[in-house]
Amino acid sequence: MRNVAPSELAFRLCLFGSILEAWETMMTMRISTKMIVGYILLIVLPFMLFAVFVYYQLYEKMFDQYQLANQQNIELSVGSLESSLGKIESLQSIYQNNAALIDYIRGDFMEDRDLIYSYLKDISPAISFASLGEPAISSLTIFPKTKQRPLWVPGFQSYEEIHGILSEREISSLKPAMGLWKHTIGEDGLSLAYYHKIYSETYTGDLGIIQMKVKPELFENLLENLRAVHPGNNLVLLGENKEIMPTAFQTGLTDSQIMNIVSAVKVKSNSPFQTDNNHLLVNSVDIKRLGITVVEVNNRNKVFNFLRIKQLWVIGGGSLLLLLSAMYYLIVSSLTKRIILLSRHMRKVGQDSLGHPYSGHAGTDEIGFLISNYNAMIIRMDELVNRVQKVELLKKEADFKMLQAQIQPHFLYNTLETMRMLARSNKDYIVADMALSLGNLLRYSLTKGNDTTLREELEHVKAYIAIHQIRIPDLDFQLEIDDSIMMLRCPRFILQPLVENGMIHGLSPKRGSKRISIRINQEEGYATILVADNGVGISSEKLMALRQFLAGTAGEEAIEIRGMGIGLNNVSERMKAYFGQESEMHIDSTIEVGTACSLIILLKEEPHA
């Protein structure tokens with residue numbers, strides 16, 4: 001183990017003590033100071049150090065990586081072009097293996113109709129497939145050696161014309177497994193064409209030459225893609241013997257620069273290098289199929305300008321970071337100051353000081369909302385503490401009054417039951433039934449609780465209608481219910497007001513037979529309660545005003561018969577408060593036909609408690 005010098009040991013102890021002291025100091029700082037120090041130490045400082053380190057590490061390797069990446073980019077673009085050229089070459093096998101085309105070129109067909117049939121069925125679709133299978137092909141032409149009939153159909157030309165396109169050396173270079181790419185420069189740019197011989201089935205002799213012309217856009221796209229990656233670059237095309245081919249992208253170079261580049265490419269082909277006193281960055285790639293070399297030249301000064309702009313951006317970014325840090329400090333201070341003051345006030349709050357809320361500036365943000373609610377809370381707590389005894393006294397008084405109120409209903413029930421028994425003993429069954437129904441009505445009305453089941457509510461309505469049937473013998477009551485929802489919890493008195501409205505406003509003015517019908521069913525998650533009568537109905541003006549009143553878009557003065565509107569509105573509001581706003585009431589009416597009132601209730605997964 002290495003011995004530590006006393007001076008080094010003392011330095012380590014001093015450093016450790018300084019760190020410990022700084023940590024203890026930070027722990028005693030205010031919350032705003034802690035947030036600022038933590039922000040600088042954990043975010044700003046590491047970010048700046050890392051950014052500077054990475055920047056200088058990348059700067060040293062910038063040019064080498066730039067040229068290597070550029071070389072890979074050019075090779076990928078050229079590789080994509082080579083792939084397209086390979087697809088075009090592969091189309092030759094389709095025509096070599098087309099037996100009908102081989103027979104057609106040899107002139108094996110004896111009759112014109114056989115020749116035409118074979119051309120239309122097998123040959124013409126194969127020729128059309130070239131441009132469909134590879135959109136870059138502009139045309140396909142076959143030059144057969146035979147001088148028989150196939151020359152008068154589209155896609156065929158005389159074999160003598162191929163000598164005006166290819167030299168004898170080029171024709172002889174065509175082998176069964178090797179074609180020939182030929183390029184020409186015209187007004188539209190660099191045009192390409194692929195040539196390949198067509199042989200007999202046994203490859204014992206060639207029958208002709210197939211030509212596939214390629215659109216100039218295929219090669220122009222390569223140059224445009226390279227120009228798009230590095231705007232302002234210069235592109236030079238060299239032929240098979242490294243002769244210069246004219247392009248539209250070499251205007252920024254002098255003749256001497258181009259000659260120096262060509263000389264260097266002959267030695268360093270497919271490798272990046274620098275020339276013209278390292279002012280020009282050169283990358284080149286050979287397109288072997290075409291015998292063309294693509295050379296891209298970039299000005300190094302433009303790269304330096306790019307780096308200078310990056311440096312300015314770094315300085316500007318650092319300045320902006322400092323400005324934002326200062327703004328962050330101001331914002332944090334405005335937040336933490338109110339939190340600190342509020343925490344001090346909360347420490348002082350006790351049972352005897354609940355009536356003294358926080359009096360500092362609250363603000364309108366989330367902290368202000370917290371302070372406002374805190375003040376409201378302690379004021380409310382003070383009110384509850386001061387009034388709890390009053391509430392207890394009032395509760396006892398209310399319980400006493402409720403006990404007194406229960407004496408009178410029981411006396412009334414007993415009286416009605418005595419009347420019912422006396423009527424039955426005198427065989428006056430109508431009076432007995434009326435007393436029974438009235439007792440049920442009073443018992444239901446005076447029962448405690450805000451809600452009940454739909455079955456109990458319906459029983460109450462039955463008792464109500466039974467009394468009216470004694471008074472109106474021709475009143476017909478029809479009932480249709482779905483037993484599966486009769487135990488649904490609902491507010492009390494939602495059916496009786498609807499029936500009462502029908503009796504008073506619909507059936508009372510009507511002469512002749514009278515009918516009240518109630519239908520209860522459920523469908524698609526909703527329960528529907530329909531109360532209908534065959535009364536005099538409601539006029540369209542009153543019906544519209546009634547609907548507006550129920551929707552809350554019109555006042556009570558819009559309803560001529562206020563009793564009906566207020567009663568229905570009371571049912572509608574209680575139903576929405578109990579079942580939710582999705583539930584609603586519908587009213588439909590026709591003069592001299594009747595009125596129907598529907599309650600649409602949204603059923604929940606679990607019954608309402």
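Does K242 count as buried or exposed, and at what relative accessibility? In this predicted model, K242 has a relative accessibility of 18% and therefore counts as buried, the cut-off for that class being under 20%. The protein chain has 609 residues, of which 37% count as buried. Its secondary structure comprises 17 helices and 16 strands. Among contacts in the chain with a separation of 6 or more, 61% are between residues 24 or more positions apart.

**Loop residues with positive phi**

- K242 is located in the loop that runs between β5 (234-238) and β6 (244-245).
- The phi angle of K242 is near 65°, a positive value in a residue other than glycine.
- Y203 also has a positive phi, near 60°, and is likewise a residue other than glycine.
- The loop that holds Y203 lies between β3 (189-199) and β4 (206-214).
- Y203 has a relative accessibility of 44% and therefore counts as partly exposed, whereas K242, at 18%, counts as buried.

**The pairing of α14 and α15**

- Helix α14 spans residues 454-471 and helix α15 spans residues 496-507; their axes come within 10 Å and cross at roughly 25°.
- Because angles under 35 degrees count as roughly parallel, α14 and α15 are described as roughly parallel to each other.
- The crossing of these two helices, α14 and α15, is right-handed.
- On the α14 side, the residues in contact are E457, H460, V461, Y464, I465 and H468, and they meet Q496, V499, E500 and M503 of α15.
- Sorted by class, this contact of α14 with α15 consists of five nonpolar, three polar and two charged residues.

**Burial of α15**

- Nine of the 12 residues of α15 are buried, so this helix is largely enclosed by the rest of the structure.
- The buried positions of α15 are Q496, P497, L498, V499, N501, G502, M503, G506 and L507.
- Q496, V499 and M503 are buried, and these residues also take part in the contact with α14.

- N283 belongs to strand β8, which covers residues 280-287.
- The relative accessibility of N283 is 0%, and the residue therefore counts as buried.
- The side chains of N283 and Q71 are joined by a polar contact of 3.1 Å.
- Leaving aside residues up to four places away in sequence, N283 touches Q67, N70, Q71, I74, P272, V294, V295 and E296.

Terms used. Residues are numbered from 1 along each chain as its sequence is written. This is a predicted model: local features need pLDDT of at least 70, side-chain atom pairs count only at pLDDT 80 or more; totals for chains, interfaces and linings use all residues. Side-chain values use heavy atoms; hydrogens and water are left out. Axes are lines fitted to C-alpha atoms, for helices over the stretch in contact, and angles run from 0 to 180 degrees between N-to-C directions. Helices (H or I, at least four residues) and strands (E, at least two) are DSSP runs, numbered from the N terminus. Angles under 35 degrees count as roughly parallel, over 145 as roughly antiparallel, 65 to 115 as roughly perpendicular and the rest as oblique. A crossing is left-handed if the near helix is turned anticlockwise from the far one by less than a right angle, and right-handed if clockwise. Contact means heavy atoms within 4.5 Å. Ala, Val, Leu, Ile, Met, Phe, Trp, Tyr, Cys and Pro count as nonpolar, Asp, Glu, Lys and Arg as charged, and the others, Gly among them, as polar. Buried means under 20% relative accessible area, exposed over 50%, partly exposed in between (1.4 Å probe, protein chains only). A polar contact is a pair of N or O atoms within 3.5 Å; within protein, one must be able to donate a hydrogen and the other to accept it, and residues adjacent in sequence count only if both atoms are side-chain atoms.
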